[in-house]
Amino acid sequence: MSKFEDQILRAIEGRHPLIYLHTPEEDRVAACLESLVSRCFPGGSLTSWSCVRGLEPPAEGLDTRDPAAALRHLIEHPRRGFCLLKDLSAFMNDPKVVRSLREAYFAFCRDYRSSLVLVSPVAALPEALEKELCYIELEPPSSEELAVRVAAVEKLFPGKELAPALRSQVLLALRGLTLMEADHVMQRVFSTGAAGDKVLEGIFSAKGSLAKRAGYLEFVPLRHDTSVVGGLENVKEWAEKRKGLFNHDAIKAGLPVPKGVLIMGVSGCGKSLLAKAIAGLWQVPLFRLNMSLVFSGLYGSPETAFHNALHTIEAVAPVVLWIDEMEASLSTPKEAASPQSMVFSSFLTWMQEKPPLIFVAATANRIEMLPAEIVRKGRFDQVFFCDLPTDAERAEILKIHLDRNGADLKDFDLKFLIYCTKEWSGAEIEQAVISARVEARQAGRRMTMQDIEKQTDRMVPLSKTMAEQVKAIRDWAYNRATPASRSS
Ligand SMILES: Nc1ncnc2c1ncn2[C@@H]1O[C@H](COP(=O)(O)OP(=O)(O)O)[C@@H](O)[C@H]1O
Ligand SMILES: [Mg+2]
């Protein structure tokens with residue numbers, strides 16, 4: 001039995017005559033009630049009502065499109081079983097409807113033969129009926145339910161069946177979508193003839209457009225995995241070890257599912273890059289929460305916008321939720337009741353209670369500006385510190401960016417370049433390589449060692465211009481955070 005069915009069964013066991021199901025999935029509710037009705041009400045059946053069609057099966061000689069008239073009819077002529085009331089939540093501001101529901105409640109409590117099931121994509125419970133309505137927020141479809149739907153779509157595209165390994169990734173990626181949404185996504189994926197990773201990409205971008213409805217959540221396509229990160233071995237190894245732990249099988253097996261990392265450190269040393277790379281390595285969709293939009297007021301109060309953002313994220317889990325440069329919006333406020341501190345404390349609470357398949361990748365440049373509770377044990381699995389890259393790390397970073405910019409590595413003296421870029425960040429190294437390439441191109445030739453050397457002569461790294469800040473970050477990290485790099 002699905003959790004969905006189980007939730008409804010429990011309401012029936014409690015003899016609730018009025019059930020309010022908060023879900024956008026009307027068709028799934030109908031199928032579920034149909035399969036449960038003979039078990040809950042032996043000999044009973046499923047009736048439905050909508051404001052366009054009235055009661056079905058119809059009440060003879062009576063127009064039941066008016067909600068109060070339909071309810072009156074159901075009270076006077078009770079039908080054994082469930083009655084699925086499709087649009088009723090839109091009529092909750094009508095006193096006649098509220099009154100009729102209350103009467104139905106008392107009538108069916110006395111003689112429990114039927115249950116009225118209201119289904120609504122929004123949770124709009126009338127206050128007057130709070131005590132009478134049994135409110136259930138339905139879980140999104142399980143992997144098993146999704147598997148059935150995927151198999152049904154697959155049948156429509158013979159010869160394009162998913163390989164078993166891809167199938168389990170697809171089912172994981174679909175989690176959080178409704179059955180209809182999963183159906184549409186899979187139809188589209190199959191009909192475009194996508195294969196392999198493209199299938200997952202199609203699903204992730206469908207999730208992306210769902211989250212877009214809440215503008216402050218931005219879907220970030222997975223372009224990289226950890227192979228594009230030079231050095232920072234401790235974080236890469238940490239993520240690699242947990243690659244198989246971020247899924248439902250791990251939860252079922254009682255394994256510790258990763259909750260989140262906080263990556264702090266010197267600007268340009270790969271913190272944001274790591275957040276993206278972890279999602280890429282695990283093949284889990286990545287969403288960036290734009291905190292400045294949360295605080296902008298465009299989406300209601302910051303608390304409401306933030307709460308809605310977390311809710312949306314829960315609906316599309318499994319996901320990696322990326323909160324970049326956390327201190328920019330959540331730094332320690334002067335007054336205790338500021339929106340920042342309210343949002344920050346609800347974030348901390350949520351971190352401890354959030355559903356398991358949401359991994360939070362947070363980054364911060366100036367972590368000392370954040371309230372100290374952030375690093376308390378139990379919230380993030382690990383706090384990593386990205387320092388300026390070591391010699392060996394700069395060699396790797398140089399290789400990655402030279403290669404990306406079409407250079408032939410054997411024309412470059414890495415040892416010398418490592419020396420020229422001492423105390424440089426990864427971002428600065430990348431910038432030097434790109435500028436060198438641009439200059440060489442302008443001169444109509446291939447990039448050479450000398451082009452890069454010229455850039456390194458010209459540029460003054462952040463570690464010099466902001467030496468004090470870099471020192472402050474290092475001092476904070478000492479004893480508080482795990483080095484992202486392996487000691488050389
Ligand atoms: N360790 C690294 N390996 C490869 N590239 C790096 C590394 N660190 C930084 N970069 C390059 O610099 C860019 C900016 O780095 P980013 O991750 O945004 O820095 P941060 O978030 O720490 O300020 C990256 O997109 C990447 O191209
Ligand atoms: Mg960054």
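Mentor: Let us begin with the ligand. Ligand 1 is surrounded by 18 residues, of which Gly270, Lys271, Ser272, Leu273 and Gly426 are the closest; a residue is near a molecule if its C-beta atom, placed from the backbone, lies within 6 Å of it. This is a predicted model, in which local features need pLDDT of at least 70 and side-chain atom pairs count only at pLDDT 80 or more, while totals for chains, interfaces and linings use all residues. Residues are numbered from 1 along each chain as its sequence is written, and chains are lettered from A and ligands numbered from 1 in the order in which they are written.

Trainee: Which helices each supply at least two residues of the shell around ligand 1?

Mentor: Helices are DSSP runs of H or I with at least four residues, strands are runs of E with at least two, and both are numbered from the N terminus. Here α11 (271-282), α16 (391-404) and α18 (426-442) each supply at least two shell residues. Domain bounds come from an automatic or database domain assignment; domain 3 (226-386) and domain 4 (391-465) each give at least three residues to the shell.

Trainee: What is the strand order in the open sheet?

Mentor: Strands of a sheet pair through backbone hydrogen bonds, either parallel or antiparallel. Two strands count as paired if DSSP finds at least two bridges between them. The seven strands run in the order β7-β9-β10-β11-β8-β12-β13, with mixed pairing. At the edges are β7 (217-220) and β13 (482-483), each pairing on one side only. Strand β7 pairs with β9 (residues 286-289) in the antiparallel sense over four bridges.

Trainee: Is Arg80 buried, partly exposed or exposed?

Mentor: Arg80 counts as partly exposed because it has 13 C-beta neighbours inside 10 Å. Arg80 lies in the loop between α3 (67-76) and β4 (81-85).

Note on methods: A residue is buried if 20 or more other C-beta atoms lie within 10 Å of its own, exposed if 12 or fewer, and partly exposed in between; C-beta atoms are placed from the backbone.
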